[in-house]
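Please look over the model before reading on.

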Amino acid sequence: MRKKKIKSIFIGTRIEALKTLSRFTKVIGIITTKNSFVHKSKKKIVFFCNKANKKKINIFLKNVEADLIFSSGYPYIIPKNVLIKKKIFLNSHPGLLPKYKGRKSIPHAYYNEEKYIGCTVHYINENIDDGKIIYQKRANIKNLKLNEVYQLIFSKIEPQVVKRSLKKVFKSI
């Protein structure tokens, strides 16, 4: 693998995904929300996610000299004009796409009594959680409480899915 040669920007709030991305790329900037675990890690924060910064963030993402933009818990849709072909845009979604798109995927699956839940990494397009799936992994959540499901997804499954997806994407470039 081309460790530390790919330059990336992390956008989001999930520290485990950032740590995994940092193992396989050189993270040159971070966009996150104030007081998230990512913010508390005190690394290369370029912008904080908020409505006032949305336009600046999109301009930054479009123009930054990075090979990869990786989203994990980023609260905004990236506009089509930012999704330029010379960069790879990936999203880590805490659910088994194409089912349960959007921010509330875990509680929706949990309260619908799904037997399995998981994590999906996919290419970003202009629609919500709609791009081509790179890799996903599922786990049986029968007999787990909701907080245990969150812990399972974010601490265990998501880092594995991010790692596997990055390897798969880097093989193709």
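## Charges over rings

A charge sits over a ring if NZ of Lys or CZ of Arg is within 6 Å of the ring centre and within 35 degrees of the ring normal. The model is predicted. In it, K40 places its charged end over the ring of F37. The distance to the centre of that ring is 5.8 Å.

An arginine takes part in another such contact. R138 lies over the face of Y116. Here the ring centre is 3.7 Å away.

## Aromatic pairs

How many aromatic pairs does the structure hold? The count is 3. One of them joins Y74 and Y76.

Y111 reaches 58%, so Y111 counts as exposed.

## Cysteines

How many disulfides are there? The count comes to 0. Take C49: the closest cysteine sulfur belongs to C119 and is 18 Å away. That is too far for a bond, because a disulfide needs the two sulfur atoms within 2.5 Å. Seen from C119, the closest cysteine sulfur is in C49, again at 18 Å and too far for a bond.

Are the two cysteines buried or exposed? C49 has a relative accessibility of 11%, so C49 counts as buried. C119 has 0% and is buried as well.

Where is K99 found? K99 lies in the loop between β5 (88-93) and α4 (105-111). Its relative accessible area is 45%. K99 is therefore partly exposed, because that class runs between 20% and 50%.

Two relations place K99 in the fold. The side chain of K99 makes a polar contact with the side chain of E114, at 2.8 Å. A109 is 10 residues away from K99 along the chain. The C-alpha atoms of K99 and A109 are separated by 8.8 Å.

Notes. Residues numbered from 1 in each chain as written. Predicted model: local features only at pLDDT ≥ 70, side-chain atom pairs only at ≥ 80, totals over all residues. Heavy atoms only, no water. Phe/Tyr/Trp six-rings, centres within 6.5 Å; stacked < 30°, edge-to-face > 60°. Buried < 20%, exposed > 50% of the residue type's maximum accessible area, 1.4 Å probe, protein only. Helix = DSSP H or I, 4+ residues; strand = E, 2+ residues; numbered from the N terminus. Polar contact = N/O pair within 3.5 Å; in protein donor to acceptor, adjacent residues only side chain to side chain.
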